Amino acid sequence: SAVGDMVFRSVSAVGDVAEAVDHAARHLLGYEDEPVSHINDDPRSLVVPATYRKRLNGGLAVWRDRTAEPFDESDIVLLQAVASQLGIALQQMGNQEQLKKMSETDGLTGLLNRRTFIDRLSARLATEEGCGVLAYVDLDNFKTVNDMVGHAEGDAVLTTLADALSALCTKQDIAARLGGDEFVLWLEGVPRDKAEGAGETVLNRCEPIRGFTVDPEKPVGVSVGIAPWVPETGDAVDSLMARADYAMYEVKHGSKGAVAVADADVGARTAGI
């Protein structure tokens, strides 16, 4: 992280930590080249940078009560050794986080990948509580963009759509790219009678991708299939996705650029936008 965004976590407290002290410690790490520094020139404080292969990646900030003795040379040697190990540990943590992120997300859009989406939604549905809807989102006329102006522009369409879906999400929602130009969105807390309205919201939020249209007769847009969750029927991820996918293809075979709402009992009904 950038040093300015760094957060010091207290592992042993000797009193309240003033915000000004925390800010000063981060400032010293970011702008001082000294191996150790004192916070506000107080010899009872020390800021020691943590590095990995000579690159700053963290730091150790310690201070004593004003009634205590200042840090001496042996304290500094010890804390530098601790900071050295801290730098290695922080790098290992960062590597693990990066690997985990790469295994769970789509490399282009940053959204969850199919496997991770299914795992997380399965865990959510296992509670059999609350309500929600699944939105299956598929791009219309995406091939024209790749064919006429190239894959770089096609990637821009995908990332723009991903950003639009991400902007819709609350902490409880889940967005993913299933592959190609197919996306999916779990909207937590949406009841069945609000499913169509949720689909309309998704459709409207995806409006920016229309700007990538290269053939007026084949406008870039999305078709959206909505499947309300029906927990009392044992509705699981596979059946939920199958119904949403079916509803989406109902739109594809019709006017495109619309929403179809599927229900476990009555099939699908289409509402043009």
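User: Is Thr109 buried or exposed?

Analyst: Buried means under 20% relative accessible area, exposed over 50%, and partly exposed in between, with a 1.4 Å probe and protein chains only. Thr109 has a relative accessible area of 14%, so Thr109 is buried. This is a predicted model: local features need pLDDT of at least 70, side-chain atom pairs count only at pLDDT 80 or more, and totals for chains, interfaces and linings use all residues. Residues are numbered from 1 along each chain as its sequence is written, and side-chain values use heavy atoms, leaving out hydrogens and water.

User: Where is Thr109 placed, and which residues does Thr109 touch?

Analyst: Helices (H or I, at least four residues) and strands (E, at least two) are DSSP runs, numbered from the N terminus. Thr109 sits in the loop between helix H2 (73-104) and helix H3 (114-125). Contact means heavy atoms within 4.5 Å. Not counting residues up to four places away in sequence, Thr109 touches Leu158, Thr159, Ala162, Arg177 and Phe183.

User: How many aromatic pairs does the structure hold?

Analyst: Rings of Phe, Tyr and Trp (its six-membered ring) pair if their centres lie within 6.5 Å; planes under 30 degrees apart count as stacked, over 60 as edge-to-face and the rest as tilted. The structure holds one aromatic pair. The ring centres of Trp186 and Trp229 are 6.1 Å apart and the planes are at 75°, so the pair is edge-to-face.

User: What is the relative accessibility of Trp186?

Analyst: Trp186 is at 0% and counts as buried; Trp229, at 2% relative accessible area, is buried.
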